Amino acid sequence: MNEQEKFQPQIESIETSKIPSKDKIPSKEEYLKQALENLQITSRTARGVVDVSASKDKNREMQDINEQEAANRATANFKEVIEQLYKQRNRQFENPEELQTFVEDIARHINKAITKEGILIRTHDSDKYPYTKVKDLPKEMRQFYEEFFVRLQNPTEDPEKLAGWVEYRINLTDHFFADGCSKTAKAISSWILMRYGHRLPQYRSREELYQHAPTQIRGTNPEVNQKEFELWMKYYKSLFKSPESEKTLEYTNGEEMLLALSPVFKRRYTHDGDLMLGCRYGCEFCYYRWISASKDYIGTGKLKRLATPEQMVEFLKNSKLFLPKDILILGARGDASMYPQEVIQFLSLLEKDPYFKENIILALHRGPASETMKKALLKYPNFRFGTTITPKAYELKWTKIKEEAQIAGLKRLLEAGIDPDRISIEIGPLNSENIDEGIKTLKQLEKMGFKNVMVRGVAFGTFGVDRDKELKKMVDLGFIDPSILESPEKHEYYVVKNFLTPDAYRKLQEIVPKMKIHRHTYTYYREVWGVPIALNRDNKVRISELTIHSEDKVRETVEKYGLKPEKVSKRDDHYFIELPSGQVATEDIAMTIGAELESAVIFNNYRRTASLEDVKFYQKHSLFYLDPYLKNK
Ligand code: SF4
C-alpha cells in the first residue's frame, strides 16, 4: 500500500454513532451508559460534592458519610434504579396514587444510605432556589401526579416533552424531595423515554442545565412562568441532537474508531484509556490535534465523555486484554487534570474491588500536580502520577503550562514524602530548539532526587487530516528536521515517532549519571514498577531472552484470545505462531499474549494497527468490552 492509500478511509465500516437514531431502539446497556453519563455530568453528589446549601436544615437530613462515600452510593443507587426502571418500562398504573408510590419508591432507592431513614418529602423552604413553598407542596404534588397519570396514557404524547416536563416539575420547580430530586427526576424522565424506546438526552454540562432553570417560583407570575418553561423545553429538546462530528465521522481504521468511542483505545505496554476525550490546554504540538476523531476536543473547550468511573471498571473487568498486573493510563488522549474528582472516584472503586489489587493506574497530567493528586498518591498505593515536560514550550507559546509550575508541583509531591519512583516524568519532545533547556531540566530533576526519567524525541502523526499542512507546521515549529523523514521506518499513522538518535541519548545520560534516562517506556515499567511486559513489539523480538513455556501452554494462551493457531514453534528467544489464513494477531493481541507469557510471540499473520474488522473481532471475543460503545453487535 502506498502512503496515500494508507490514509484513505476504508470502505467497510461499522455503524458507530454512540446514540442511535430515533428509529432504532437503544439497548439496555446503551440506556444505562447514557443515564450514568448524565448523572456524572449533572450531579454534584455523584462527583463527590455534597451540597447542603439549599436550606439550613438539609445538613441534618443527611447520613454522616464523607463526600466520596456519598458519591459512590449515589452512583450505585442510580445504576440500580435505571436497571430496575428498564425492567419496568412497560408497567401500567391503575390510578395517580399508584404512580406516586412508584415515583417515591424510586426516590427512596436513589437516597438509600445517603439521607437519614424516613426522610423523603422536602419539609423546608429554600432561601437559595425558587422552589414551590413547602405549604403548597401537597397541592402541587397532587396536581402533578394527576396530570402525569393522564399524560402517560395518552398515545399521542411527545416523549421528549413529557420527560422534560417531569424534570422541570420534580427537580427545578416543585423540588418534591428533601434530597436526590435531580437524580430522581432524571431517573423518571429516563423511564418515560425508555417506555417509548426513545434515546436519552445527552447533557452537556451542569452549568448549562442550571442556566435554563427557572428564576421565579412556579405559579407566582404565569406569564414569566410560561416563558421560563418554554426556555427550559427548548434547551431540553436540544439535548437530543447528536453532535455534528459524531454524525459524520468516518474512521480511517479500527484504532481510530476505538479512539473516538471506547474507554480504552489500544493496548501496548499499557492500556491507553480515558474517562473524557480532549483537553482544554490545546498545546500546539499535541498529537491529538491531527486526528479527525479528537481534533474537535483539543484546545476548543469541549470534552467528550467516554466512560464514567463505574463504566471504566465494567469495561476493564469484561475485557480479556486487561490482565491482572496491567497498567491503565488515564489521560491517554487528553489530560487527566480535566477530571480530578473522577480519578479519585475511580481509584476508590478499584480499592474496594479485589479484582484490581495488582493493577497500576497512571494518570497523565501536563497540568501541575494538584493537592487532589497528592492526596490520591498518599491514599492509593497503586496510583501513579505521570507528567510530560516540554522544555521551553511555554516561552515559545506552544503550551499554556509553565515548566516552573510543573516542577513546583513535583516538588510538592516529594515534600509530602511520595516516592519519586511513583512519579513518571517524560521530557520531550526534544529537538535542536529546546535541547539546552531540556538538559537544564534533566539536571534539576536529578538534583531533586529522581532516579528514573523518560526522554522522548519527536512524535508526529496524522489520521485523515491534511498531512502536508500539518507536517509543514511541525517543521516550522522546529519539531521535525525534514531530513529524518527519509527514515525507512514507516508507520501507519505516525510520520515520525519518538525520534532522537542513540548518540543523543548517550550524551544526555552522561550529563545526569545519577538518574537513568529511559528511551522507551517499557524499560521504565518493567524495571521501576515491576510490571510484566511483552518481549515482542511490532512483530519482532524486542528483548531477547530464553523461552520458558511449553508449546502447549503457548497455544492455550493464544486460544484464550479467540485465535486458533495451526502451529506453535518454540525458538531460542521467541515463539512463532502460525495462524490459519484469514486470522490475524493485532499489536493489541500480540502484546497481551507477550505480557501474559512474559515472552516474545511472533505471528505469521500480524497487523500493527487494528482494522475495523479487527474491532468486530475484539467485540465478538470480549477482548475489549465494546457492547455499550458500538452498535451492530
Ligand atoms: S496537555 Fe497533553 S493532551 Fe492537552 S493539549 Fe497538551 S499535549 Fe495535548
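Q: What angle do helix α5 and helix α8 pack at, and how far apart are their axes?
A: In this predicted model, α5 (residues 96–110) and α8 (residues 181–195) pack at about 130°, with axes 9 Å apart.

Q: Which residues make the contact, and what are their classes?
A: From α5 come Val103, Ile106, Ala107 and Ile110, while α8 brings Lys183, Thr184, Ala187 and Ile188. By class, that contact has 6 nonpolar, 1 polar and 1 charged residues. Lys counts as charged, so Lys183 of α8 is the charged one.

Q: What makes β15 and β18 edge strands?
A: The open sheet has 3 strands in the order β15-β16-β18, with mixed pairing. β15 (567–570) and β18 (601–603) each have a single partner strand, so one side of each lacks a neighbour in the sheet. Neighbouring strands here are turned by 20° against each other on average, ignoring direction.

Q: How do you know that β15 and β16 pair?
A: Pairing takes at least two bridges, and 4 bridges join β15 to β16 (residues 575–578), so they pair, running antiparallel. For one, Ser569 has Phe576 in β16 as its bridge partner.

Technical notes: Residues numbered from 1 in each chain as written. Predicted model: local features only at pLDDT ≥ 70, side-chain atom pairs only at ≥ 80, totals over all residues. Axes fitted to C-alpha atoms, helices over the stretch in contact; angles between N-to-C directions. Helix = DSSP H or I, 4+ residues; strand = E, 2+ residues; numbered from the N terminus. Contact = placed C-beta atoms within 7 Å.
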